[in-house]
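Keep the picture open while you read.

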Amino acid sequence: MTTIKAIRGMNDILPEHTPYWQRLESTVSGLLASYGYGEIRLPIVEHTELFKRSIGEVTDIVEKEMYSFDDRNGESLTLRPEGTAGCVRAAIQQGLLSVPQRMWYAGPMFRYERPQKGRQRQFHQIGVEAFGTATPDIDAELILLTARLWRLLGIDQHVTLELNSIGSSQARADYRAALVTWLSERREQLDEDSQRRLESNPLRILDSKNPDTQALLDNAPNLADFLDEESVADFARVCDLLDACGVSYTINRRLVRGLDYYNKTVFEWVTSELGAQGTVCAGGRYDGLVEQLGGKATPGIGFAMGVERLVLLIEAVGAQAPAPERADVYVVAVGDNAHRTALAAIEALRTALPELRVIQHVGGGSFKSQLKKADKSGAAVALIVGEDEAAAGVAGLKPLRGQGEQTQVALGDLAENVSNIVMQDITAT
RNA sequence: GUGGCCGUAGCUCAUCAGGUAGAGCACCGGAUUGUGACUCCGGAGGUGGCGGGUUCGAGACCCGUCGGCCACCCCA
C-alpha cells in the first residue's frame with residue numbers, strides 16, 4: 001500500500017504554526033476595518049480568460065504557471081494565480097464601482113513553480129484593493145496602512161519600502177521601445193535570461209540580479225526621463241505624504257512589476273531575512289485594468305502580501321510569538337461511573353465558564369497514565385474523579401504547575417473553585 | 001524548465017574498507033493498594049523513498065525514478 005502524499009508545493013499548515021497565522025489574520029482584518037476596508041470573498045476558480053486578459057498573455061504566470069483545466073462543459077478554468085483579477089471581475093459584475101470602494105480578501109493562490117523557501121505552489125495572499133480614486137492620496141493611504149501593519153506585527157525593523165513610478169501606459173510603452181532599441185544594440189553583452197526577456201518582457205531586465213547586466217544598465221535610457229507630467233507630480237505627492245507621516249522609503253528607479261496591468265505608482269516591501277524570496281508585500285496602481293476587463297473606466301490600486309512569507313519573517317525575527325496552546329483543566333476520571341459523573345459535572349462547568357479550556361481524558365487507562373497525560377497537556381490543574389469521589393459527589397483539584405496542595409471540592413461548586421485555582425496557578429508560574 | 005545538496009524508527013541523527021541496522025527525544029508498560037514532573041527498569045516501532053544493476057552478499061557502489069531543501073527563473 002503506497003501512502004498518498006500531499007501534492008508538491010502544497011503544504012499542510014500544522015497546529016504549531018497556525019497560531020501565527022491566526023494572529024496575523026486577526027491583526028490584518030482589524031487594521032483594515034479601522035481604515036474602512038470591507039472584506040470580499042471570491043471564488044478560487046475563474047475563467048482562464050480573466051487571467052490572460054488581466055495579468056498579460058506573455059507573462060510567466062500565464063504562459064507556464066497556471067493550474068488550468070477544462071470544466072465538464074469544455075470551458076477552460078484556472079485556479080487563481082493572484083487575487084486582483086478576480087476582485088476586479090467581481091467589482092464590475094456586482095456593480096460596486098459607482099462609488100469609491102475599499103476592499104480586501106484573503107485566501108489561497110496557485111502557481112505551478114518549483115518550490116523553495118518562501119515559495120510554494122499553493123500559497124496564501126491577503127490582498128487590498130481601492131477602486132475609483134485617481135489621486136495619489138489613496139496610494140499613500142495603502143502604503144501607510146502597510147507600514148502600520150508591520151509595526152503591529154513587530155517586523156517593521158526588518159522590512160524596507162521600495163518605491164517607483166512606471167508612468168502612464170503611454171510613457172511605459174515609449175520607454176520600453178527606447179530600452180529595447182538601446183539594449184538590442186548591445187545584445188551580446190546581455191546574459192541569456194535577459195536576451196530572452198528582450199523579446200518577452202524587456203522591462204524586467206531592469207531588476208535582473210546579474211551584476212554585469214546591472215552595470216550595463218547604468219548607461220541605458222532611464223525610465224524616469226520618460227514619465228509623463230502627471231505621473232511625475234503624483235509620484236512626488238506620494239513621496240511627500242509619506243515624508244509627512246514619517247515613513248521612509250527607497251526610490252528604486254529599476255523597480256518594475258511583473259504583471260502587465262500596473263502603471264504609475266508601484267511598490268514593494270522587502271526583507272533580507274528570508275533568502276531569495278524577500279518580497280513580502282507588493283503592489284501598485286492599475287488604472288486601465290477595469291476598462292480592460294469590460295468595466296467602465298475606473299482607476300484602481302492595490303497590493304498583496306504573502307502570508308507564508310510574513311509568517312516566516314515573524315517567526316524568524318521572534319516577533320509576536322503566540323502563547324502556546326495549553327489547557328486550563330485536564331479531567332481525570334477512572335471507572336465508568338466516575339466518568340459518567342465527571343462528564344456531567346464538566347458540561348455544567350463549561351456552561352458556567354465558557355472561556356475555560358477543559359480537556360476531558362478519553363480512552364481510559366490508570367490514574368497514573370491519565371495523570372501523565374494531564375501533565376503533558378500543560379494544563380494548570382488536574383480535576384480528579386475516581387469511584388470514591390463520584391460516590392461522594394466531589395472532585396480532587398490538583399495543581400500541576402505552581403505550589404499548592406490537592407484539594408477536594410464539591411462537584412456543585414466546581415466553577416468557583418476551578419476559576420480560583422486556575423488563576424492562582426497561572427500567576428504562580 | 002535548469003543547477004547544487006539530500007532522502008536510515010513519529011522527530012533529530014549515527015553506523016560501515018559493502019557482510020541483512022543503532023542512539024537521543026517522543027510513545028507504551030512497570031518500580032506496594034487510586035495520583036503527573038525527576039530517576040531506574042523493560043517494551044514496541046524501520047521490506048534503510050521506490051525500481052533496476054554490480055557483487056557470494058548493498059542502507060552503504062552505479063543508473064533511473066519519485067520526493068525534500070536551497071538557488072536560478074519568476075514572484076507574494
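Predicted model: local features only at pLDDT ≥ 70, side-chain atom pairs only at ≥ 80, totals over all residues.

Residues are numbered from 1 along each chain as its sequence is written, chains are lettered from A and ligands numbered from 1 in the order in which they are written, and side-chain values use heavy atoms, with hydrogens and water left out.

On pLDDT (the predictor's confidence in each residue, from 0 to 100), chain A has a mean of 91, and 98% of its residues reach 70 or more. For the complex, the predictor gives an ipTM of 0.86 and a pTM of 0.91.

A residue is near the strand if one of its heavy atoms lies within 4 Å of it. There are 47 residues around RNA strand B, and Arg197, Arg204, Arg257, Asp388 and Leu400 come nearest. By type, the surface splits into 24 charged, twelve nonpolar and eleven polar residues. Here Asp, Glu, Lys and Arg count as charged; Ala, Val, Leu, Ile, Met, Phe, Trp, Tyr, Cys and Pro as nonpolar; and the others, Gly among them, as polar.

Helices (H or I, at least four residues) and strands (E, at least two) are DSSP runs, numbered from the N terminus. Helix 13 gives the largest share of the surface, seven residues. Among the other elements that each supply at least two residues are helix 3 (60-65), helix 7 and strand 15 (394-399).

Arg197 has a polar side-chain atom 2.3 Å from a phosphate oxygen of RNA strand B. Glu65 has a side-chain N or O atom 3.3 Å from a sugar or linking oxygen.

## Helix 7

Which residues of helix 7 (residues 192-200) are buried? They are Ser194, Arg197 and Leu198, where buried means under 20% relative accessible area, exposed over 50% and partly exposed in between (1.4 Å probe, protein chains only). They sit on the same side of helix 7 because they cover an arc of only 115 degrees around the axis, taken from the directions from the helix axis to the C-beta atoms.

Their cover includes helix 6 (169-184) and helix 8 (211-217). Exposed Glu192 and Glu199 are on the face turned away from the buried side. At the start of the helix, a side-chain oxygen of Asp191 comes to within 3.1 Å of the backbone nitrogen of Asp193.

Lys264 lies in strand 9 (residues 263-270). Lys264 isn't a glycine, yet has a positive phi of about 50 degrees. Most residues other than glycine have a negative phi. Lys264 counts as buried, at 7% relative accessibility.

Ser377, in the loop between helix 13 and strand 14 (381-385), is also buried, at 18%. Leaving aside neighbours within four places in sequence, Ser377 is in contact (heavy atoms within 4.5 Å) with Arg326, Ala327, Tyr330 and Ile359. Glu315, in helix 11 (residues 307-316), is partly exposed at 27%. A polar contact of 2.8 Å joins the side chains of Glu315 and His17.

Key:
Polar contact = N/O pair within 3.5 Å; in protein donor to acceptor, adjacent residues only side chain to side chain.
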